[in-house]
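Hi,

Here is the structure I said I would pass on. Please open it alongside this note.

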Amino acid sequence: MSNRFLKTIRCLNPESDLCKRGPSRVETTGTEQMYQNYFKVNRYDLRHETFAGGWTPVISREIFERGHAVGILPYDPIRDELVFIEQFRAGALIAGWHPWLMEIAAGIIEPGETPEEVARRETLEETGLEVNRLEFIAHSLCTPGGSSETIALYCAEVDASAHPDTAGIDEEHEDIRVFHLSASEALDCLARKGINNASTLIALQWFALNRERLRQQWLQQ
């Protein structure tokens, strides 16, 4: 079994314990591997405490396990520009959506890597840009009802003028268009509901709240 599927990432949000209330105990009574290739699906038989104080009966849940990810919003504070990518997504196609999505750079954490190391690696691989400073945005579960995957989001300081037109790793069949928008254009796209994937939406909403502080801080330093 690949270490990819055994790796757990502690919650990086500093205030994450403040919202915990109620039940806390879970018992796992059985595990069955349903599928494994690059990703895997496990079935877990478990029961947990209820809010009323008792226990549920044993329930079965299939969980899609693909590892943990990092997403990066590259920002140039001097030019006040954000860098995005566009690439084909099979999941969007199967959902009936246009399969070329405007996204932020992202990638899976491999064994032995920290989220910050992945942020720098994936920004270079997917946008062609070196990262200077990183600011942590948030760490969240992607689809907790059916997947163990989490994503840690960062804003990365870059020189937006240096990005190539295309990027990606050939061996991973990546065909990526790289482009930049002014911060105002990107936030207008957000306001017009033009973003249709969660990591980009969350990162841009954070940026909308922190743009002036972040730009002033990075320019002063």
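Predicted model: local features only at pLDDT ≥ 70, side-chain atom pairs only at ≥ 80, totals over all residues.

The largest pocket has a volume of about 1500 Å³. Its lining counts 41 residues, and the closest to the centre are Arg66, Arg89, Glu103, Ala106 and Glu149. H2 supplies the largest share, 4 residues. By residue type, the lining splits into 19 nonpolar, 10 polar and 12 charged.

**Backbone**

Most residues other than glycine have a negative phi. Two residues here go the other way.

Histidine 173 is not a glycine, yet its phi is positive, about 55 degrees. Look for histidine 173 in the loop between strand E10 (166-167) and strand E11 (176-182). Is histidine 173 buried or exposed? Its relative accessibility is 73%, so histidine 173 counts as exposed. The cut-off for exposed is over 50%.

Lysine 193 also has a positive phi, near 60 degrees. Lysine 193 sits in the loop between helix H3 (183-191) and H4. Lysine 193 is exposed because its relative accessible area is 73%.

Best wishes

Conventions
Residues numbered from 1 in each chain as written. Heavy atoms only, no water. 1 Å grid on protein atoms, 1.4 Å probe; cavity = no way out; pocket = protein on both sides within 12 Å on 5 of 7 lines; lining within 4 Å. Points joined across faces, edges and corners; volume = space filled by probe spheres on them. Helix = DSSP H or I, 4+ residues; strand = E, 2+ residues; numbered from the N terminus. Nonpolar A, V, L, I, M, F, W, Y, C, P; charged D, E, K, R; others polar. Buried < 20%, exposed > 50% of the residue type's maximum accessible area, 1.4 Å probe, protein only.
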